[in-house]
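Work through the exercises below with the sequence and the structure open beside you. Try each task before reading its solution.

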There are 2 protein chains.
Amino acid sequence: MNGAESLVRTLIASDVDVCFANPGTSEMHFVAALDHVAGMRCVLGLFEGVVTGAADGYWRIAGKPAATLLHLGPGLGNGLANLHNAKKARSGIVNIVGEHAAHHIRHDAPLTADIEGIARPMSHWVRTSWNARDVAADGARAVEAARTAPGQIATLVLPADTAWNAADAPSVARAPAPRAQVAPDAVRAAAAALKVPGAALLLGGIGVHEEALAWAGRIAAATGCRLLSEYNCPRYDRGAGRVITQRVPYVVDLAVKSLADLRSVVLAGGRPPVSFFAYPDKPSLQAPADCVFTRLAGVEEDIVGALEALAAELGAHGVAPAHVARLDPPGLPSGKLTQEGIAAVLGALIPEDGIVVDESVSTGRGFAALTTHARPHGWLTVMGGSIGFALPAATGAAIAGGGRKVIALEGDGSGMYTLQALWTMARENLPVTVLVFANRSYNILKGELASVGAGAPGQRATDMLTLDRPDLDWRSLARGMGVEAGQATTLDELAAQMRRGLAAAAPYLIEVVL
Amino acid sequence: MNGAESLVRTLIASDVDVCFANPGTSEMHFVAALDHVAGMRCVLGLFEGVVTGAADGYWRIAGKPAATLLHLGPGLGNGLANLHNAKKARSGIVNIVGEHAAHHIRHDAPLTADIEGIARPMSHWVRTSWNARDVAADGARAVEAARTAPGQIATLVLPADTAWNAADAPSVARAPAPRAQVAPDAVRAAAAALKVPGAALLLGGIGVHEEALAWAGRIAAATGCRLLSEYNCPRYDRGAGRVITQRVPYVVDLAVKSLADLRSVVLAGGRPPVSFFAYPDKPSLQAPADCVFTRLAGVEEDIVGALEALAAELGAHGVAPAHVARLDPPGLPSGKLTQEGIAAVLGALIPEDGIVVDESVSTGRGFAALTTHARPHGWLTVMGGSIGFALPAATGAAIAGGGRKVIALEGDGSGMYTLQALWTMARENLPVTVLVFANRSYNILKGELASVGAGAPGQRATDMLTLDRPDLDWRSLARGMGVEAGQATTLDELAAQMRRGLAAAAPYLIEVVL
């Protein structure tokens, strides 16, 4: 077998069985190997940002890495923004990036670039496999790196001659090490910290998954502490039966106000809240200066075990969790499209075990309250702040979900970055209902322009913050990629359209005209 | 004035008066400065690959740099692939990349990334301007770097506090140094090298611009040498009145065959021909092993002056150039769409002083012959091999062209990478006629799969090389972005559609159904 085949067999033997791909010439032997080795689901993306964002969404639902297949330095470059989001989310991904044959690199052909240099800023682990006899072992190491808790971006560069030369048998990745346990001292310190007035437990990472939340709810019941979660988390388990947390607000002033009474915060996967951006005369750190942070568990540690131990330390092991959401979806509203009304439609219609991928940016800031008592669901947010996340991530989440219904909440500005994902949804027949909130502007930036004190926008600035002239027609864009689409101009239409989308076995796009 | 304003005024004073932009929060002071300082044309792209590709196309026509405005590390990441193409084309670009305020970076907010690390692989010059009082001088240095012959990618990172803090007066870039003159020894050596049987002059860079071509034609007339040009050049001046060169073929076997009789090659902006990719059992270097290369002028040197001196050395100063194309466009063909027929339609309809941006990939390999005697035009090709070039580059070329008609030749696979450019064409009302060659596949890869010896594709490989299931509908995609569109299924329809597009003052897209 050649190097490409030994790598493909290594990935499959290591339980990496989905490959999001946008290959080129230098990856043709890898493609050929995928062709004749069974066991890998290959999903084509028509742009690399789709590929890497899909791998991020896949990890967040499957809890295991997918592979990506990218074409040399520029292909990796196109995938960087969503790798940035995945890196910040601590998603595990195995990138396979083609490279010229080793002897060809010195000739500086058009596609020659510093691939490792491009990879490094967005990867935890980077290696070039220069020898076909090493590539199986390197592939196994890449999978191990990707699975290292809480998850890592591993980038393996595959020169074409490594792919085509003769190789040995495939390898297999070692089983992932269990997450590091938290020391008893940290548990005792956390217990003491929660007995202070103005105490809170701040969750992040898998701290907002169902099992951790249940322990957090018991701890809150025993101590009366507030339960906070980071503004963004890779996946919140929410809805009926799940313990409710207060998400730290995005807007700096609101965050500062919300945290003002805190004196003692225990961190379980969370970090001291930081403003998304810097603003003149606004703080980077949002908690009061005299608030003491006590680290129970880092995002890479055994958060569930630490919370369980903390509950035991607090005598809360058998206590009923506080703040458990009941099943109480809002009634379907009617009339004009409002943020609150859209939230109510969502809350009413999120299906059991649904997955919401949220890049609704400015439109979606009020969605949390009215979806708290919806049917149980996962809620994915963009972790690195790089827009163009939701459509690709919804694609990957749907593939990981194996039939679970996915709702993608997308801004029109952010949706345009990686709209090619719609085509992949159509080809793979994925049950994704896409809501595009068409406000015809980078609405968030209008607020930001004011927040940074840059004043009211004139004509040139307005032109750079608006998506009108011409208006985007999302129904045409969707149909152009084989996705059925409709439009909603009222809450009634939105509900009807969402029902239609959720009933379909294929993707459906709704242009929500704001 | 603040740092942002001092930088904007510096750029304008340095003759950088177009800014392709996709800003975010950290760039809001720069946007505000663009707003109240007159003199900069701001062009919004809905994806950063559009922004950087437009700046590349702009340079190739305007011969001076545009600025880009990009949002932090991920925004720069999204622009990397077309910066790669621009870097290989040696286009001059001034990238302004926002960064968090200096004091905010250590808090590792979601968008924090190693911006300089991301910039470096695709930039010749990188600097972060940490102080508002330095940013004007840094901006001037960036413009100087971008204008350094033959052109460079200059990336200036602009922290938000540098933008908002008080600054001094703007600066201005020094005038570009003239290109380095070639030593008389090199001219004499080149003259001797052209007297050998089997001699050729190989042109690249501005060696295929009109003035250099005229000297090359005289040299060919005097010596009988072959006139070759690199497979890709930033801009070929072609058509009636221009000296014809033989483009080195893309396909390795054809290139090797075409160069087989060469014994002595003089390089004027060109390099020894290198295969685009490596293949098992095919050479990286395409000329015969015993062919001697003599460097007359590098791509950064005074190629025109060197050719003029070489002509004088050869006694060809007053000779009429050989190989001058006459005005003899082909007649309009009729019937089925064939490569040759499409080439003839192009040859017949390219307007006087038109600009062709060619990313037709596999479809366009035969276009050269039948467009040689068309009306005079510029022909831009992708220099770095990263697809997604033509629509953005056509956008920038049209802005630089100030009314010149632009024809973008685009594959359906490559077009999907940066289709957002259509919206910018519509907003800016640019006279771009886009031909999308819809073969519903990465057709080039089918050939490449065979070329690398990876065998015939099975189902999984075929799925990764085809864009069907569902078919892309380019008319819907265009209309979704406000661009009128039609379809051509015959040569007659293609001619009619092209006439319609070229007559319009706005963009028009033709889906050419292959």
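This is a predicted model: local features need pLDDT of at least 70, side-chain atom pairs count only at pLDDT 80 or more; totals for chains, interfaces and linings use all residues.

**Exercise 1.** Find which domains chain A is divided into, and describe the contact of domain 2 of chain A with domain 3 of chain A.

Solution. Begin with the division of chain A, which gives domain 1 (3–164), domain 2 (184–313) and domain 3 (339–513). Next, take the C-alpha centres of domain 2 of chain A and domain 3 of chain A, which lie 28 Å apart. The contact draws 17 residues from domain 2 of chain A and 20 residues from domain 3 of chain A. On the side of domain 2 of chain A, the largest share, 3 residues, belongs to strand 9 (residues 236–238) of chain A, and the residues of that side divide into 9 nonpolar, 3 polar and 5 charged.

**Exercise 2.** Determine how many residues of chain B are in contact with chain A, and which element of chain B gives the largest share.

Solution. Counting contacts gives 83 residues of chain B, which meet 83 residues of chain A. Helix 4 (residues 72–89) of chain B supplies the largest share of the chain B side, with 8 residues. Sorted by class, that side has 46 nonpolar, 26 polar and 11 charged residues.

**Exercise 3.** Explain why strand 6 (residues 153–159) of chain B is largely enclosed, and identify its partner strands.

Solution. Since 7 of the 7 residues of strand 6 of chain B are buried, the strand is largely enclosed by the rest of the structure. Strand 4 (residues 93–99) of chain B runs parallel to strand 6 of chain B, joined by 7 bridges, with B:Asn95 opposite B:Thr155. Strand 5 (residues 125–128) of chain B is also parallel to strand 6 of chain B, through 4 bridges, and B:Trp125 stands opposite B:Ala154.

Definitions and conventions
Residues are numbered from 1 along each chain as its sequence is written. Chains are lettered from A and ligands numbered from 1 in the order in which they are written. Domain bounds come from an automatic or database domain assignment. Two residues are in contact if their C-beta atoms, placed from the backbone, lie within 7 Å. Helices (H or I, at least four residues) and strands (E, at least two) are DSSP runs, numbered from the N terminus. Ala, Val, Leu, Ile, Met, Phe, Trp, Tyr, Cys and Pro count as nonpolar, Asp, Glu, Lys and Arg as charged, and the others, Gly among them, as polar. A residue is buried if 20 or more other C-beta atoms lie within 10 Å of its own, exposed if 12 or fewer, and partly exposed in between; C-beta atoms are placed from the backbone. Two strands pair if DSSP finds at least two bridges between them.
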